[in-house]
Amino acid sequence: MTTPTDISALVRRIEVLEAEADIRRLQARYMFLCDTPNPEFGVADDAERIERIMQLYTEDAVWEGVGEYYDNQFGRAVGAAAIRRHFQGFWGGKTDPALILNCHYLTSEQIHVHENGTTADGQWVHMQPWLFSDGKALLRSSRLNNTFRREPDGTWKITRTRTENVFVAPLPATWASDYPSKSVLMKP
């Protein structure tokens, strides 16, 4: 016979699974929006890309690069306005050489929904190849230790992005021979 305690335990397990799935999609969407060329259909420019990324964050969120490599490269941004400025610094103007390819691959996922059901943390390792217009290329890997909060409307948002370098390795200029100048995959 099923008891109310059994039903409560089952409901809690379903809530945790749903939260993990929401957080997984949230983290993947963030990485997707950070890819170059940006695969999100209809994003006119990097300013719009930044606004779509900012929709994933809480107003009180923190974005920080930590460790001996990222401390000086990325620093720490506290609050949505500072995080927006951080992204504007990365995508805000034309750089020479231009970044023409950047793709995030996530692995080693661990998501922990806290007992209160409204907060969680997650860890990933990610790899990302970078290719610049001058032919310079590198492979970067970092660890992510992020936190999340379920907002009153039920959606999960990022409250902290924390990244630490694992390695950066130069790649030969010819490692990628065929790549798009813009993405059309998501076009209807």
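This is a predicted model: local features need pLDDT of at least 70, side-chain atom pairs count only at pLDDT 80 or more; totals for chains, interfaces and linings use all residues.
User: Which element of the protein has the lowest mean pLDDT?
Analyst: The protein averages a pLDDT of 92, and 98% of the residues score at least 70. Among its elements, strand 4 (residues 105-113) has the highest mean, 97. The lowest mean, 71, belongs to helix 3 (residues 67-73).

User: Is Asn38 buried or exposed?
Analyst: Asn38 is found in the loop between helix 1 (4-34) and helix 2 (46-54). Its relative accessible area is 14%. Buried means under 20%, so Asn38 is buried.

User: Is Leu185 buried or exposed?
Analyst: Leu185 lies in the segment after strand 7 (156-171). With Phe41 and Met186, Leu185 makes a nonpolar surface patch of about 330 Å². The relative accessible area of Leu185 is 68%, and exposed means over 50%. Leu185 is therefore exposed.

User: How far apart in space are Phe132 and Thr95, C-alpha to C-alpha?
Analyst: Phe132 is in strand 5 (residues 119-132), and counts as buried because its relative accessibility is 16%. Not counting residues up to four places away in sequence, Phe132 touches Pro97, Ala98, Leu99, Ile100 and Leu138. Phe132 and Thr95 are 37 residues apart in sequence, while their C-alpha distance in space is 9.9 Å.

Technical notes:
Residues are numbered from 1 along each chain as its sequence is written. Side-chain values use heavy atoms; hydrogens and water are left out. Helices (H or I, at least four residues) and strands (E, at least two) are DSSP runs, numbered from the N terminus. Buried means under 20% relative accessible area, exposed over 50%, partly exposed in between (1.4 Å probe, protein chains only). Patches are made of residues with over 30% relative accessible area and no salt bridge: like charges are joined within 9 Å, nonpolar side chains (Val, Leu, Ile, Met, Phe, Trp, Tyr) within 5 Å. Accessible areas come from the Shrake-Rupley method with a 1.4 Å probe; for residues, only the protein chains shown count as cover. A salt bridge is a side-chain nitrogen of Lys or Arg within 4 Å of a carboxyl oxygen of Asp or Glu. pLDDT is the predictor's confidence in each residue, from 0 to 100. Contact means heavy atoms within 4.5 Å.
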